[in-house]
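Reader: I would like to learn how to read side-chain packing in a model. Can we begin with the rings?

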Amino acid sequence: MLSLSRAALAVLLSAGLASAHDTWLRGPATAAPGSTVPFDLTSSGAFPAPEHAVEPSRVARSLCRVGGQEAPFRAGSRKRQALRLRGRELPAGVAACGVSLGPRTLDLKPDEVEHYLEEVGAAATIGPRWKALPEPRAWRETYVKHATAFVRLGTKDDASWGEPLGLGLEIVPLSDPTRLSAGATLGVRLLKGGQPLAGLALRASRAGKAPTFATTDADGRASFALDAGGPWLLAATELRPSAMRPPEWESDFATLYLVVAP
């Protein structure tokens, strides 16, 4: 269980990201075909700086896929700021890699909830539902996190980066995520259980800048202008009332880590 104090919330809000922290999978932009590729799995309130290593026991599913071939990550070492995972000897192409974590529970005080909803882009959709609950109100949320990243191995063209990995909530790029440069516009599609998810806010973050938001259309699509090189994080949070434990909440978080060329 994770409980955030007011002081901790203030620190996270000053970093410009959600109070529940983002979790992302960071790999190299390129690697040699056939090599073992290192990835770091971390959670932080200040992207792109790593902050907390994910516990190995929380990894419920992991895989890398290249050209239709799939393999789970090799177990790695847990450092102070990141869990090191290793993609198996991956062939030439574009490796699409993903991790899903097991559920955890978040508790927030009532005066923290409004800030949290604003940070994840859910103030307009979930805010009214929250305010309509009878007093005394308490926020308890069970969440699951999903993270994806891509790495180019050699020069071989491989369009399988556009195929979903089958995570519970997933941001799928609509163009090659390893060929992005500053000034490009990236379209993505948000899928829940393999189906388009409409009307949900996505956010794009980079170092030193406030996140920008875009809402998915009826086909789950949205786009972002990538106006600078370096690491970018696209993120989505799907919040919903718990069907099993009202008035609690459930959520899925999804992130997509990108490296944009200058």
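Author: The model is predicted. A search of the whole structure finds seven aromatic pairs.

Reader: How are the planes of W24 and F47 arranged?

Author: Planes over 60 degrees apart count as edge-to-face. Here the planes stand at 80 degrees, with ring centres 4.9 Å apart, so W24 and F47 are edge-to-face. W24 sits in strand β2, and F47 in the loop between β4 and β5, 23 residues apart. Are these two residues buried or exposed? Both W24 and F47 are buried.

Reader: Where do R137 and K145 lie?

Author: R137 lies over the face of W130, 4.8 Å from the ring centre. K145 lies over the face of F253, at 5.1 Å.

Reader: What about the nonpolar core?

Author: In soluble globular proteins, nonpolar side chains tend to be buried together. The largest nonpolar core here has 28 residues, and I171, L190 and L234 touch the most other members. Strands giving two or more residues include β9, β12 and β13. β19 gives the most, with four.

Reader: What does L190 contact beyond its neighbours within four places in sequence?

Author: Its contacts include L169, I171, P196, L202 and A236. A second, separate core has 24 residues, among them A31, F73, A147 and L233.

Definitions and conventions
Residues are numbered from 1 along each chain as its sequence is written. This is a predicted model: local features need pLDDT of at least 70, side-chain atom pairs count only at pLDDT 80 or more; totals for chains, interfaces and linings use all residues. Side-chain values use heavy atoms; hydrogens and water are left out. A nonpolar core is a set of buried Ala, Val, Leu, Ile, Met, Phe, Trp, Tyr and Cys residues joined through side-chain atoms within 4.5 Å. Buried means under 20% relative accessible area, exposed over 50%, partly exposed in between (1.4 Å probe, protein chains only). Contact means heavy atoms within 4.5 Å. Rings of Phe, Tyr and Trp (its six-membered ring) pair if their centres lie within 6.5 Å; planes under 30 degrees apart count as stacked, over 60 as edge-to-face and the rest as tilted. A charge sits over a ring if NZ of Lys or CZ of Arg is within 6 Å of the ring centre and within 35 degrees of the ring normal.
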